[in-house]
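Please keep the sequence and the 3D view at hand while reading the points below.

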Amino acid sequence: MTLEEPDRPALLAALDYQRASVRSIVDGLSEEHWHTSVVPTGWTPAGLVAHLGGAERHWRSVMLDDDPGHPFDDDSGDEPYDPLSPFVIDWPSEKVLAYYRDQSQLTDELIAQTSLDAPPRGHHGGPDAEQAATLREIVLHLVEETAAHSGHLEIARELLDGKVRLGLR
């Protein structure tokens, strides 16, 4: 299905670029450093990349009003999401990247077959939470969130092993 929306190519290119930047920043990071925090809040690169996969999954479930699950769900426990707890996970880096890749691919499949003007079928957050009005707003949010966390990962990478300018810009 090809949807003719003038901003579609730019939005999808921006999202792809930010995802690729995240992957580029963590490429070659040692397994030990994947699970090392360098910030007072305690998040780790593994936790932050898993969080990005979770964000893709969450917003897709908001669009569909459904979350079909993932094969890794049995390994993650069923604790409710707590935005104040640090992003940490004990999965090996290969598994974290597989989860992120899977979630990104499923989001891409949804976007490919859905108008950017389509409203979400589901609901984000509690009853007072601001709601995205369209898929376009959700894609913009994913670009924004991925870009912000890409910067966080780049700083963490410099503090962990001294590598710099690994993002794609």
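The 19 residues of helix H1 should span 27 Å at 1.5 Å a residue, and the end C-alpha atoms of H1 are 28 Å apart, which agrees. The structure is a predicted model.

**Helix H1**

- Helix H1 covers residues 8–26.
- The buried residues of H1 are Arg8, Leu11, Leu15, Gln18, Arg19, Ser21, Val22, Ile25 and Val26.
- An α-helix has 3.6 residues a turn, so residues three or four places apart point the same way.
- The cover over the buried residues of H1 includes H2, H3, H4 and H5.

**Nonpolar cores**

- The largest nonpolar core has 20 residues, and those that touch the most other members are Val22, Trp34, Trp43, Val49, Ile89, Val96 and Leu153.
- Two or more residues of this core come from each of helix H1, helix H3 (45–64), H4 and H5.
- Helix H3 makes the greatest contribution to this core, with 5 residues.
- Which residues does leucine 153 contact, leaving aside its neighbours within four places in sequence? They are Val22, Ile25, Val26, Trp43, Pro45, Leu48 and Val49.
- There is also a second, separate core of 16 residues, which includes Ile111, Ala118, Val139 and Val143.

**A nonpolar surface patch**

- Val38, Ile155 and Leu159 make a nonpolar surface patch of about 260 Å².
- Valine 38 lies in the loop between helix H2 (31–34) and H3.
- Valine 38 has a relative accessible area of 30%, so it counts as partly exposed.

**Salt bridges**

- The model contains 7 salt bridges.
- Glutamate 5 pairs with arginine 8 in a salt bridge, with the closest N and O atoms 2.6 Å apart.
- Are these two partners buried or exposed? Glutamate 5 is buried because its relative accessible area is 12%, under the limit of 20%. Arginine 8 is also buried, at 8% relative accessibility.
- Aspartate 117 forms a salt bridge with arginine 136, and the closest N and O atoms are 2.4 Å apart. This pair links distant parts of the chain, 19 residues apart: aspartate 117 is in the loop between helix H4 (93–112) and helix H5 (135–161), while arginine 136 is in helix H5.
- Aspartate 117 is partly exposed, with a relative accessible area of 47%.
- In a further salt bridge, arginine 157 and aspartate 161 bring their closest N and O atoms to 2.8 Å apart. These residues are 4 residues apart in helix H5, so about one helical turn separates them.
- Arginine 157 is buried, with a relative accessible area of 4%, whereas aspartate 161 is partly exposed, with a relative accessible area of 29%.

Notes. Residues numbered from 1 in each chain as written. Predicted model: local features only at pLDDT ≥ 70, side-chain atom pairs only at ≥ 80, totals over all residues. Heavy atoms only, no water. Salt bridge = Lys/Arg side-chain N within 4 Å of Asp/Glu carboxyl O. Buried < 20%, exposed > 50% of the residue type's maximum accessible area, 1.4 Å probe, protein only. Core = buried A, V, L, I, M, F, W, Y, C linked by side-chain atoms within 4.5 Å. Contact = heavy atoms within 4.5 Å. Patch = residues over 30% accessible without salt bridge, like charges linked within 9 Å, V, L, I, M, F, W, Y side chains within 5 Å. Areas by Shrake-Rupley, 256 points an atom, 1.4 Å probe, with all protein chains shown as cover. Expected span 1.5 Å × (residues − 1).
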